[in-house]
Amino acid sequence: MKDKQKQETKVKNKTKDAKKGFIENKTFFVVSLIIAVIIAFCLYKVVIFIQNPADTFSVEQGKIYEEERAVGYIIREETVVKGSNYKNGMEQIKSEGEKAAKGEAIFRYYSSGEDNLVKKIGDLDIKIEEAIKKQENPIYSSDIKALDRKIEEDLVILQKANNMQTIQEIKKEIDSNITKKAKIAGEKSPAGSYLKKLIDERKEYENQLNKGVEQLKAPISGVVSYKIDGYEEILTPNNLNNLKIQTLEELNIKTGQVVADSKEGAKIINNFECYIACCLNEEQAKEAELGKTVKIRLPNDAEISSKIIHVSKEENKVLVVFQIDRQVQSLMSYRKISFDIIWWSDSGKKVPNEAIGTENRGENELNYVVRTRGGYEDKIFVKIKRKNEKYAIIENYTRTELQELGISNEEINNMKVLTLYDEILKKPT
């Protein structure tokens, strides 16, 4: 009896295992089939995407613009300052780019034989200093003590200074204080003494030095520049009406070349405004209108506003002059530059031009896009604010505008509105 029960139990277990194996196999088959279908669908989508990679386009906030690359000549209000002793060489009193008031000294020419005189004065200063220390009755007036302290302080500052103008000013102050100290010592020295003779000799050399000095002053207020290129009288605002394209093209100037410093003179520049003149072909200059404000991008990537103050046509070319009142000093080192003219720019809902379709409604031609959402497609009429070769900035019509275009109230009530991040067909039909 027990053997029979064991036999029946074994049969039941085998039946259960067989059913379990069948279910497992069936489940595996179904899961495998589902996975295979998913993979096939994904592969199908990949193939479709490769064949047609951009069926839709997401509407985003964007910006479009129309710009041209141009070469421009810098025109400035410049006054050249040059004296008669330019062959002697010059010393800058005002640094490049520093502002100067009218009548303020900007540079000086060296006097004839200045190096030799300066050396002699320097040697005498050492001898005078030694003579003062060796006197039987040393001169220790409060004035000399104060001058000694000031000279020592200036020498410490001079060692740390790295600005040329600061160095020149400190050196001048030290020389002035040494001269003052020598004069005080000379006044307190008996006539005919060794110290007195040294001081008198120094005064004589100093007089010779100052006699040949020619100091040049600013005739007007402005910014000092030593970059003189010889075009100051040609590229001047006073000559704008007579300026010709041929004149500009014949100038032997390299684009982006830095003007070299002059060793003979300086110039005062109006730092409040300057002008950029460029030659454009008729297609490039189609947006150029007298009085129009446009943005330009300078070589330092600064985008600034400019005003068109001159437009003249010569055969198939157009001369356009822009006036700017910012970044003037950044252009002081140049006479000819490459820059970008940004004729216009606009921002808003940005879409590709190919995503915009057209439809005639009576006498009106309306633009539209096709929005796709949740498997449904909706035609939405839109107006184009601005477009370039590839993209357009669009916006929704108002209800009143649609009514004026002949759209029925029923259609308007059922019409959708285009919003940011909507998906639209790239090629609507």
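Lys94 touches Lys99, Ala100, Glu104, Ala105, Ile106, Val224 and Tyr226, leaving aside residues up to four places away in sequence; contact here means heavy atoms within 4.5 Å. Before going on, a note on the source: this is a predicted model, in which local features need pLDDT of at least 70 and side-chain atom pairs count only at pLDDT 80 or more, while totals for chains, interfaces and linings use all residues. Residues are numbered from 1 along each chain as its sequence is written, and side-chain values use heavy atoms, with hydrogens and water left out.

Back to Lys94. It is found in the loop between strand E4 (90-92) and E5. Helices (H or I, at least four residues) and strands (E, at least two) are DSSP runs, numbered from the N terminus. Is Lys94 buried or exposed? Lys94 counts as buried, because its relative accessibility is 10%; buried is under 20% relative accessible area, exposed is over 50%, and partly exposed is in between, with a 1.4 Å probe and protein chains only. The side chains of Lys94 and Glu104 are joined by a polar contact of 2.7 Å. That term means a pair of N or O atoms within 3.5 Å; within protein, one must be able to donate a hydrogen and the other to accept it, and residues adjacent in sequence count only if both atoms are side-chain atoms.

E5 belongs to an open sheet of 4 strands, in the order E3-E9-E8-E5, with antiparallel pairing. Strand E3 (78-81) and strand E5 (99-100) are the edge strands, each pairing on one side only. Two strands pair if DSSP finds at least two bridges between them; E5 and strand E8 (residues 222-225) are joined by 2 bridges. Ala100 stands opposite Gly222 in E8.

Next, the nonpolar interior. A nonpolar core is a set of buried Ala, Val, Leu, Ile, Met, Phe, Trp, Tyr and Cys residues joined through side-chain atoms within 4.5 Å. The largest has 26 residues, and Ile276, Phe322, Phe339, Ile341 and Trp343 have the most contacts inside it. Which element gives the largest share of this core? E14 does, with 5 residues. Ile341 touches, among others, Glu66, Ala70, Cys278, Val294 and Phe322, not counting residues up to four places away in sequence. Apart from this core lies another, of 14 residues, among them Tyr73, Ile75, Tyr231 and Leu240.

On cysteines: a disulfide is a pair of cysteine sulfur atoms within 2.5 Å, and the count comes to 0. The sulfur of Cys279 is 7.1 Å from the closest cysteine sulfur, in Cys278, so it is too far for a bond. Cys279 is partly exposed, at 24% relative accessible area, while Cys274 is buried, at 0%.

Last, the charges. Side chains of opposite charge can pair when their charged atoms come close. A salt bridge is a side-chain nitrogen of Lys or Arg within 4 Å of a carboxyl oxygen of Asp or Glu, and the structure holds 32 of them. One joins Lys379 and Glu359 (2.4 Å, N to O). This pair links distant parts of the chain, with Lys379 in strand E17 (residues 376-387) and Glu359 in strand E15 (residues 357-361). Asp422 forms another with Arg373, at 2.7 Å between the closest N and O atoms; those two are 49 residues apart. Asp422 is buried, at 6% relative accessibility, whereas Arg373 is partly exposed, at 45%.
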